[in-house]
Amino acid sequence: EAELEAKLQADDDDNEARLQLAMRKVVGQDYDAAMELLLELMQKDRSFGDDAARNGLLKVFELLGDDPRVGQYRRRMASLLH
């Protein structure tokens, strides 16, 4: 994780590092950080990795089920999509 964070510090446009870091955050159950990273990726490059950020967010929403954060992040995702 530290290596990926350092890569992002050095190059804020490193979309692959942002995606990998988000996935690591999911594995570590740091869902808020993961969703923030995925939203950033959507904002920077919507098509990156065949829409990996949106698909990643949807998977996190599935994991969280009816957690109240899901609605908040869904609204943020929708505002980026439209």
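Here is a walk through the structure, from the overall fold down to a few single residues.

First, some housekeeping. This is a predicted model, in which local features need pLDDT of at least 70 and side-chain atom pairs count only at pLDDT 80 or more, while totals for chains, interfaces and linings use all residues. Residues are numbered from 1 along each chain as its sequence is written, and side-chain values use heavy atoms, with hydrogens and water left out.

Start with the whole chain. The protein chain has 5 helices and 0 strands, and along the sequence the pattern reads α-α-α-α-α. Helices (H or I, at least four residues) and strands (E, at least two) are DSSP runs, numbered from the N terminus. The C-alpha trace spans about 35 × 30 × 20 Å along its principal axes. A compact globule of 82 residues would have a radius of gyration near 12 Å, and the protein chain agrees, with 12 Å; the radius is taken over C-alpha atoms, and the globule rule is 2.2 Å times the number of residues to the power 0.38. Buried residues make up 37% of the 82 residues (buried means under 20% relative accessible area, exposed over 50%, partly exposed in between, with a 1.4 Å probe and protein chains only). Of the contacts between residues at least 6 apart in sequence, 42% join residues at least 24 apart, where contact means heavy atoms within 4.5 Å.

Now for how the helices pack. Two packed helices are described by the angle between their axes and the distance between the axes. Axes are lines fitted to C-alpha atoms, for helices over the stretch in contact, and angles run from 0 to 180 degrees between N-to-C directions.

Take α2 and helix α3 (residues 31–44): they pack at an angle of about 155°, with their axes 8 Å apart. That makes α2 roughly antiparallel to α3 (under 35 degrees counts as roughly parallel, over 145 as roughly antiparallel, 65 to 115 as roughly perpendicular and the rest as oblique). Their crossing is left-handed, meaning that the near helix is turned anticlockwise from the far one by less than a right angle; clockwise would be right-handed. Among the residues making the contact are L19, A22 and V26 of α2 and A34, L37 and L41 of α3. By class, this contact has 11 nonpolar, 1 polar and 4 charged residues. Here Ala, Val, Leu, Ile, Met, Phe, Trp, Tyr, Cys and Pro count as nonpolar, Asp, Glu, Lys and Arg as charged, and the others, Gly among them, as polar.

R18 sits in helix α2 (residues 15–27) and is buried, with a relative accessible area of 2%. Leaving aside residues up to four places away in sequence, R18 touches L8, D12, L37, E40, L41 and K44.

Moving on, helix α4 (residues 48–64) and helix α5 (residues 68–81) pack at an angle of about 165°, with axes 10 Å apart. That makes α4 roughly antiparallel to α5. The crossing of α4 and α5 is left-handed. This contact has 8 nonpolar, no polar and 3 charged residues.

F61, in helix α4, is buried, at 2% relative accessible area. Not counting residues up to four places away in sequence, F61 touches M35, V70, Y73, R74 and M77.

Q29, in the loop between α2 and α3, has a positive phi of about 60° although it is not a glycine, and Q29 is exposed at 58% relative accessibility. D50 lies in helix α4 with phi near 60°, again positive in a residue other than glycine, and is exposed at 69%.
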